[in-house]
Amino acid sequence: MMNFNAPVKLLLLMLFIFYFNGCGGESDHQDTNIITDTTQEKRIVGYLVDAPVENMDYLCGGAEGVTNNEGKFECPTLPVIFKIDSFVIAKVETLPEDKTVYPQDLVGVPREEISHPEVLKVASFLQSLDSDGDLSTINILENITIDTNQTLLEMTPEEIHLLLTSQNIIPVTLDEAEAHLQESMGVASEENNQEEFNSSREENNEINIDPNINTLNTAVSIPLNDTTTLANNEINEINITDEVNTTTDEINITDEVNITTDEINITDEVNITTDEIDITDEVNTTTDEINITDEVNTTTDEINTTDELNITDELNTTDSEKYTYIPTEENLTNALAIRFLNKATFGATKADIEHLQEIGVEKWVDEQLAKPLVENNYLIKTIELTKEAAPLQNPSSVEEYIADNDTVFNKEYASFHSPTFMQSAWFDIAMTSPDQLRHKLAYALSQIIVESDFEPIFIRRGEALSRYFDILAQDAFSSYKQLLTDITFNSGMSMFLTYNGSKALYLNDANVSVYPDENYAREIMQLFSIGLNKINIDGTAQKDAQGNLIPTYTQEDVNELARVFTGWDIQRNRWFGDVGFTVGDLTHPIEFTEEYHDFGEKSVLGEKISAGLSGEDDIKKAIDIIMSNANVAPFISKNLIMRLTKSNPTPAYIARVATVFNSTNGDLKAVTKAILLDEEIWEDIKNLRSVKFKEPIVALTNFYRVLDIKPLPYWYFCGFGGPEDDEATNCTKVYNKFLFNNPINYLNQGPARAPTVFNFYDNSFVPNDSEFKSSGEVAPEVQIQNDTILINFNNMIRRAFDWEEIRLVAGTIGLNSIEEITEAAPTNGYIPFYYIGADKFLFNLKEDYDFLELIIDGNTDGNFTELKDSYQDGNITNINYAVKEYINFVDNKLMGGLLSDTEKDIIYKELSHDENGFYNHWAGDDSADAKLRQVMDEVIRPLYRFIVTSDKFMTE
């Protein structure tokens, strides 16, 4: 429901009165759902309002009806009873003179008693039932079940709250209800005084705002996306940002006003306490945008246009007014930018930070959401790497393998290297893809809709998981319903959750009944959509009268749903349901075999699936039923929040996101934007709160992206061995491709490496820590982290610096470039360049070396001339000072400067060793290369390890 305490309200009283028909034309609003009784010559007409209340049932004079979009009702006689099905809201015996029925009239108190408890109870209830969050009209939700013999007026606020939450409805608070009712009362009084204005406007083309209106510090909402007519011209949309504060006597716009513009933005504050503003002569624009920025402060009572104001195109503004709690570009520090980007991407690069600070957070999110999909990205990169490494085993083109034909990738050889090549493709995209948000969301979804290489077939058919990630990326910016549909037809998922080859109930050769496989039927409900137990829209548990959790589905639902998934198998299989390393196609959708399908009627979650539907229609109908369940929005919203931004979101945060999910039919673009731009997470970011532990794999990608890693120019693929001669004739050269091995042995985690369908960790995991236990807060990511894993992670960071280009060249005698080192690898036994078990990438820290050397010896020529074997006693050297400053440099680079002075002092003592600076492991070697290696091994490498393994880096 709408949050009336939103930080920014839509204002501009001056334009609000344009929401009516121009030039005396007929209204575009048609009376619908109003009772008609032609036997009555005279009818009583009224309007039910807070804002107009639409779709409210009523009963009067023996006839029933439903209020229309103006809140209009018609009765032969009074009284009129307003109700929802059989639930009575209130009864009205007589109509007020103005024919409008406010909550005060329903309760029977004077109109001025807006704060009366019974009035607020009714207003809160009506506003809570609005279906779309736009309270310019209250459109009563459909399909509400209210099982009580009480009327609304007989119920307590607590009983009403429980009634609403049981229907997955967020109750509007009494304060919010009062604020909106006050606004509505002001708007109504304005509109009721416009009859004379309307007629004068038709004759004189003059627009007058009622001089009795005083809206100092009062919010006025302008209905959006409605067609409005002004002086014979259409206004398609009016969006006004920030605050308009008026205490004026009169605003007049005279003569002709012609507005059909694209966009008018009024930003910041407009403060009008003035006597007169005259706009004379002709203003005629054909521009797309008019912006009034900063502050307008006047001292006049009247605004007049005495000639012609002609503004063409459409009137429109952005939604940025909603997000005033998000720091503006100039206030977006490096620390804030990094904290946000680490949630929305696989890591904040320097370029990312600068771009975010240039365009702002909302525009950055919108820009990411608009980036086009690279189709089959994971699969194509997997195939390309496989073809380069083993061209003889993969002779067909990428296009042939991608096409849905009998040329099936990796079917014949079922390479043991395919999981490594899939893993490398994933890291490649995580490191380098410009559409970071799409792939970060795809990774989050992979922990909800889990498919994993713990399916034995995938040990040699890793391409199945590449295709799985392509589906997640493809539908990450689509709808959740589309994602569930596509993943259901995914061949890898059918293999992982074993519904490939599932048959309708039959008797086997031993005369034993064989039932359809239940695996996917259970998990698509329990894990992929509705969860185990019913929850409210804010994620809190629903309970029965005895205080027990209420299951979302039964075993019978699983049995029935399992029948839906019969008759499906992977394509190009030897026979129906065959499973093997070298059979079937795992990169294209499953196919239907009619003879094995159960075509009977099915009942799932209380809804029927008709008999005789096709196999595909059976599945689509089942997914329709699942998606209509009230649990889907809060269940998926909470899971996505926990994976992207925060481990312990408040119910209000979940409810806001779930409401977006419902109002957009599960549009994942809208849901993702709601998650990333929510006020709660931005309050956490601004206050530098740690609200989520980083997953080990995400901490690693954050680190790699800061380093801006690149592929090696080339490396050798020699199978599981090494070169057999100096020319490596048994190996192939792989150019400009990453190689990453399965990190699960080091990090307990990797993409598509979850040990079960339940993911790597339990969302309800509470660490064995007194603070966590006392608070009850969860930290799922900690479940897979232990001392061994943290040591392994530290060692991975250490080994990564073996691939720093400058250090690598400086440490290789007689070879002056990466190309020369690579070429000599088979001869010299440089194992990492050809051993399949070694990750292969490259990065360059010249900026770091230069920073240090500039302080040490005043230049950046790489000689580090002041680096000696020993130093004078008692005086701090340039080297010590350089180390101190370099700690700040790396702190800013990795975290935006979050280390405390105490933490920096501790690191400094470790790096300096003594007051004279770090010592030289290569005593007696005064060459530039030796000094450079010393800088790397004594300062750069350990400093990065200190910070990357710190609690501040490992949390978000």
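## Helix 31 and its end

Helix 31 is followed by G896, which has a positive phi near 75 degrees. Helices here are DSSP runs of H or I with at least four residues, strands are runs of E with at least two, and both are numbered from the N terminus. This is a predicted model, in which local features need pLDDT of at least 70, side-chain atom pairs count only at pLDDT 80 or more, and totals for chains, interfaces and linings use all residues. Residues are numbered from 1 along each chain as its sequence is written, and side-chain values use heavy atoms, with hydrogens and water left out.

Helix 31 covers residues 878–895. Its 18 residues should span 26 Å at 1.5 Å a residue, and its end C-alpha atoms are 25 Å apart, which agrees. The expected span is 1.5 Å times one less than the number of residues. Buried residues in helix 31 include I879, V883, F889 and L894. N880 and D891 are buried too. Buried means under 20% relative accessible area, exposed means over 50%, and partly exposed lies in between (1.4 Å probe, protein chains only). The cover over the buried residues of helix 31 includes helix 7 (334–344), helix 24 (696–707) and helix 33 (928–948). A contact means heavy atoms within 4.5 Å.

## Helix 21

Helix 21 runs over residues 651–663. Its 13 residues reach 18 Å from the first C-alpha to the last, close to the 18 Å expected. Y653, I654, A655, V657, A658 and F661 are buried in helix 21. Among the elements that cover them are helix 15 (480–488), helix 20 (632–644) and helix 22 (668–676). Just after helix 21, N665 takes a positive phi of about 55 degrees.

## The whole protein

The protein has 33 helices and 31 strands. It has 956 residues, and 53% of them count as buried. Take the contacts between residues at least 6 apart in sequence: 72% join residues at least 24 apart. The protein exposes about 40500 Å², of which carbon and sulfur atoms supply 47%. Accessible areas come from the Shrake-Rupley method with a 1.4 Å probe, and for residues only the protein chains shown count as cover.

## Nonpolar cores and a surface patch

In soluble globular proteins, nonpolar side chains tend to be buried together. A nonpolar core is a set of buried Ala, Val, Leu, Ile, Met, Phe, Trp, Tyr and Cys residues joined through side-chain atoms within 4.5 Å. The largest one here has 190 residues. F340, Y480, F528 and Y704 have the most contacts inside it. Leaving out residues up to four places away in sequence, F528 touches I448, Y480, Y520, I636 and V757, among others. Apart from this core lies another, of 33 residues, among them V53, Y58, M155 and L164.

Some nonpolar residues sit on the surface instead. F416, I459, F581 and F720 form a nonpolar patch there, with about 420 Å² of accessible area together. Patches are made of residues with over 30% relative accessible area and no salt bridge; like charges are joined within 9 Å, and nonpolar side chains (Val, Leu, Ile, Met, Phe, Trp, Tyr) within 5 Å. F416 is found in the loop between helix 11 (398–402) and helix 12 (418–432).

## Salt bridges

A salt bridge is a side-chain nitrogen of Lys or Arg within 4 Å of a carboxyl oxygen of Asp or Glu. By this rule the count is 42. E362 and K673 form one, at 3.4 Å from N to O. E362 lies in helix 9 (residues 361–370) and K673 in helix 22, so the pair ties together parts that are 311 residues apart in sequence. E362 is buried at 13% relative accessible area, and K673 is buried at 16%.

R572 pairs with D406, with the closest N and O atoms 3.0 Å apart. R572 counts as buried at 18% relative accessibility, whereas D406 counts as exposed at 68%. D435 and R438 form another salt bridge, with closest atoms 3.4 Å apart, and both residues are buried. K646, R656, D678, E680, D684 and R689 are linked in a network of salt bridges.

## Backbone details in loops

The peptide bond from L78 to P79 is cis, with omega near 10 degrees. P79 is found in the loop between strand 5 (72–75) and strand 6 (80–84).

N376 is not a glycine, yet it has a positive phi of about 55 degrees. It is found in the loop between helix 9 and helix 10 (377–389). A414 is not a glycine either, and its phi is positive at about 45 degrees. A414 is in the loop between helix 11 and helix 12, and it is buried, with a relative accessible area of 1%.
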